[in-house]
Amino acid sequence: MAQDTSKEPLLYRLEDIIQKYGGRAVLGIDSLAIASKSIIGLVGHNGSGKSTLLRILAFLEAPAQGKVFFQGKACCTRQDWVRRKVTLLPQEPYLLKRSVEANVAYGLRVRGEDNRPDKAREVLDMVGLCPEDFVRRSWHELSGGEAQRVALAARLILKPQVLLLDEPTTSLDAESTRRIKEASLAARTHWDTTLVVASHDMAWLESICDKILTLEGGRLTIS
Ligand SMILES: Nc1ncnc2c1ncn2[C@@H]1O[C@H](COP(=O)(O)OP(=O)(O)OP(=O)(O)O)[C@@H](O)[C@H]1O
Ligand SMILES: [Mg+2]
């Protein structure tokens, strides 16, 4: 699955990033480059900084120090144009207390983009949830694995340039895991989406990634 992305232009460049919480440094990245259309794995023990790095890449959180360049421009969390290109499936996704369809279409609606019902159906299909069965269900009528797949569908509907996945298959059964993996890779295939995936599933990462980054105590080592 891994493709030669060495000739692709740089999408991200991080320089001298430090993140601190309550005065304590939890992430320190001197330099990191991510090529367009690549698939990057992110591994590390609990507390090593994976989610923190993903939130910075999503422009949801600003680092205490350092610069994040996206397509060559120094970007920050207040810039809408860049936030629209990137979407994060958080470690513990949150669903609105509404229908599946409303959840899936939410991102398009807040962006003021066309949210025809067939778009929600298309992405529910991608994650293996039968649209007829699921569009009108309420958020509380879902299993954990189905809720995770709805949350992913809500990101896929945006056809993101970058999809950041924070432990997307943790505690899911085999079927949900397979669907999440297939749908993430389909984004890469259909839309050239760049993927950054934090996961403890080394076998999966090794089979799909161009590069796997290891975080240890907030510091990167490249394997
Ligand atoms: N909002 C916060 N306030 C204070 N400390 C935080 C906050 N978020 C994370 N931390 C701390 O930052 C460090 C990195 O956390 P992070 O969640 O990025 O790790 P992780 O690699 O994603 O861990 P896990 O595998 O458990 O998800 C940890 O020491 C954590 O306790
Ligand atoms: Mg985490």
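**View 1. Gln91 and its neighbours reach for ligand 1.** In this predicted model, an N or O atom in the side chain of Gln91 sits 2.9 Å from an oxygen atom of ligand 1. That makes a polar contact, meaning a pair of N or O atoms within 3.5 Å (within protein, one must be able to donate a hydrogen and the other to accept it, and residues adjacent in sequence count only if both atoms are side-chain atoms). The side chain of Ser51 also has an N or O atom 2.9 Å from an oxygen atom of the ligand. On its own, ligand 1 exposes 630 Å², and the protein buries 63% of that (areas by the Shrake-Rupley method with a 1.4 Å probe; for residues, only the protein chains shown count as cover).

Some housekeeping for every view: residues are numbered from 1 along each chain as its sequence is written, while chains are lettered from A and ligands numbered from 1 in the order in which they are written. Because the model is predicted, local features need pLDDT of at least 70 and side-chain atom pairs count only at pLDDT 80 or more, whereas totals for chains, interfaces and linings use all residues; side-chain values use heavy atoms, with hydrogens and water left out.

**View 2. The shell around ligand 1.** There are 14 residues around ligand 1, and Gly47, Lys50, Ser51, Thr52 and Gln91 come nearest; a residue is near if one of its heavy atoms lies within 4 Å. Which element gives the largest share of the shell? That's α1, with 4 residues. The elements giving two or more residues are β2 (24-35) and α1 (50-57); helices (H or I, at least four residues) and strands (E, at least two) are DSSP runs, numbered from the N terminus. By type, the shell splits into 2 nonpolar, 8 polar and 4 charged residues. Here Ala, Val, Leu, Ile, Met, Phe, Trp, Tyr, Cys and Pro count as nonpolar, Asp, Glu, Lys and Arg as charged, and the others, Gly among them, as polar.

**View 3. Asp114 pairs up with Arg116.** Side chains of opposite charge can pair when their charged atoms come close. Asp114 and Arg116 form a salt bridge at 2.9 Å, N to O, the cut-off being a side-chain nitrogen of Lys or Arg within 4 Å of a carboxyl oxygen of Asp or Glu. Asp114 is partly exposed at 41% relative accessibility, and Arg116 is partly exposed at 39%. For these labels, buried means under 20% relative accessible area, exposed over 50%, and partly exposed in between (1.4 Å probe, protein chains only).

**View 4. Arg137 with Asp133 and Glu146.** Arg137 makes a salt bridge to Asp133, with the closest N and O atoms 3.8 Å apart. Glu146 bridges to Arg137 too, at 3.9 Å. Elsewhere, salt bridges with shared partners tie Glu175, Arg178, Arg179 and Glu182 into one network. The count of salt bridges comes to 15.

**View 5. Glu101 on helix α3.** Glu101 belongs to helix α3 (residues 100-110) and is partly exposed, at 23% relative accessibility. How far is the C-alpha atom of Glu101 from that of His45? The two are separated by 36 Å and lie 56 residues apart along the chain.
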